[in-house]
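Good morning, and thank you for coming. Please look at the structure on the screen while I describe some of its salt bridges.

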Amino acid sequence: MFTKFFYTLKNFGVPVSMNEWQALLEALEGGMAGSSLTGFYYLCRAVLVKTEAHYDRFDIAFAAFFGDIETPEGLPDKIWEWLNKELPELEITDEMRNNHQQLDLDELKRMLEERLAEQDEEHHGGNRWIGTGGTSPFGHSGYHPGGIRIGGQSRNLSAVKVAGMRRFQEFRTDETLGVRQFQVALRKLRQFTTRLEGARTELDLDGTVNKTCDNAGRLELVWERPRDNAIKVLLLMDAGGSMLTYSRLCNQLFTAVNRSNHFKDLQIFYFHNCIYDWLYHDPACRQNDYTDTEYVLRTYSPDYRVIIVGDASMAPYELMRVGGIIDWDLHNDKPGIEWLRRIRQHFEYSAWLNPIPRNYWDWMDGAFTIRKISEIFPMQPLTVDGLEKAITALRSKQAVAVN
Amino acid sequence: MSKKVRRYEASTGYRGSEDYIVSDDLRNSVNIAIALQKPLLIKGEPGTGKTMLAQSIADSLDKELIIWNIKSTTKAQEGLYVYDTVQRLYDSQFGEGDVANIKKYIKLGKLGEAFITSEPVVLLIDEIDKADLEFPNDLLWELDQMSFYIPETKETIGAVHRPIVVITSNAEKELPDAFLRRCIFHYIEFPDPEGMERIIKVHHPNLEKRLLEQAMETFYMLRNVPNIQKKPSTSELIDWLQALVVGGISPNRIKQDLPFLGVLLKKNEDLDTLLNQLHGKTQSRSPNYASSSLNRYRY
């Protein structure tokens, strides 16, 4: 049964390895799950899941696998018989809530064992014996804030239901395959600081040896400035509807850029199809959450490396005409292409990454705008290869084509 | 594997301490990490008490706490030992001390310190994500085997007792998979209002009910303002309550005046954002069209 769970997790995209599985089995042998499914849930999550981004997948997998098995095993059969009776729902008053302080799990287990030993008849209602209804901590359909449910349906949200709540949905980042490759490519985007500014904090060994020899053996330490990466990056991403198809690919790039810690500064903005007066702060492109493009142009110095990710395919008027913006309630005084030209003029180190494979560029729907935009920005397909080429382009200034 | 899993005894495990409220699942994770003898990796929003947790574990289990603060320049080697060659060079120049004894110039780092103590300790590696991308990878072996080798003296430093290792991360960087595989992971969620009240009660036991209510309401309101870059966190709320009490602010004024706002919001931009929101300054960007509902149709 457990081995199956291992594969269920893998199927749902939780990367579990044998190593962790071993640790889980050890922990189970050590009795760390207690004998409750909730305990087991937290144990599994702590041992097997390594990032909050995967909590959600884990929850889904767990609910899918254990959805039907909501009971600890190994209870005597007759207790099952007693419990196999449905009861009307118990009304819970605040008073009752206050009367039951949370019991410790171990204490509960001990009490359950005791009662299993003592109890010899069917029981319904009441507050002590194992049975249905009532407020005893054991059994089902009753109410006890910290009790152990045995059989029946969850009425008061306990045990495995936590997994079904999927509280960690928003942490999903999705798809990390290929991130490492992107990351490696991004590493090449670096330019070391000159040795002209900053504090001298690094011991120059060769210099020290030379100087000391010059002094006939009397030690003289030579210090130099450390070399840091001075590259600053501005990432602009298209979050329009047509990009949905490529969201996996874009996510990979996004994760890789985010993980790259060698940039001196990293700024990320979003736009919808084409860039106009506003750059948004999140992919939803909400209209109360933006920065003026004008401000971006004024604030960020031309040495920022600009990477634009977008499919560049849109209706020709969206790019070329005043008021061509796709959002109904917005209006642009300048056509998109003008904004793109201004961005290109200001940021001389810039490149456009297009998730559409290169051999589609000439004949697909947006061929016209793709051609227009690639006249402005050096355009590369969004592949590891294309990224590497784009980065080579970003290291030196490219001629700005202004028509 | 030579490690022996200790039989888990709830009565001897970590149960939280007086000044630190711990949720059930976090307590579970701590105990699992202790029993499996793996490092416990704690992530979560700033101010959710990640660093405090280590202190609490140390207090509750009555152990010493060794803190290794990670900075962007920290190298894994520094945690093990530093060979002070410069000092040795100087000494040799001026004939001070016994230069032949290299041991004298080997200084153990925090990790090394945690290994050689005679009592088991709690080791906190704070904000591991601050360091270089490869930093965690460089510590894999040492954390796994709890020993390291000093080539200069041909010595192996092994842990007398395996320390309980707590590692915190602010999620500024992803940690390498190989490292993650060796850890027990726990994400501390931002506490809901009820949990928050319990936490506050620990720090301010005698708070006026109305003041607390108003302050909490304002606090969660601020957290929900969109586009705030640095959301106020638990520790800031606690400081703010302190300020409100000391300043003798009447509860009725909290929501209106937002006194001592600087305690909660630390960035100028955030203050601006908030003021914009409060004064209902909505910038109309649509001179021609006003129907915002149509905006849902995106293609």
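I begin with B:K209, which is exposed, at a relative accessible area of 63%. Here buried means under 20% relative accessible area, exposed over 50%, and partly exposed in between, with a 1.4 Å probe and protein chains only.

This is a predicted model: local features need pLDDT of at least 70, side-chain atom pairs count only at pLDDT 80 or more, and totals for chains, interfaces and linings use all residues. Residues are numbered from 1 along each chain as its sequence is written, chains are lettered from A and ligands numbered from 1 in the order in which they are written, and side-chain values use heavy atoms, with hydrogens and water left out.

What does the side chain of B:K209 meet in a salt bridge? The partner is B:E213, at 3.7 Å from N to O. A salt bridge is a side-chain nitrogen of Lys or Arg within 4 Å of a carboxyl oxygen of Asp or Glu. B:E213 is partly exposed, at 39% relative accessibility. Helices are DSSP runs of H or I with at least four residues, numbered from the N terminus.

A second pair in chain B is B:E236 with B:K266, a salt bridge of 3.1 Å, N to O. B:E236 is buried, with a relative accessible area of 7%.

In chain A, A:E375 and A:K372 form a salt bridge of 4.0 Å, N to O. Both lie in helix α15 (residues 367-376) of chain A, 3 residues apart. Over all chains, the structure holds 13 salt bridges.

Note on methods:
Helix = DSSP H or I, 4+ residues; strand = E, 2+ residues; numbered from the N terminus.
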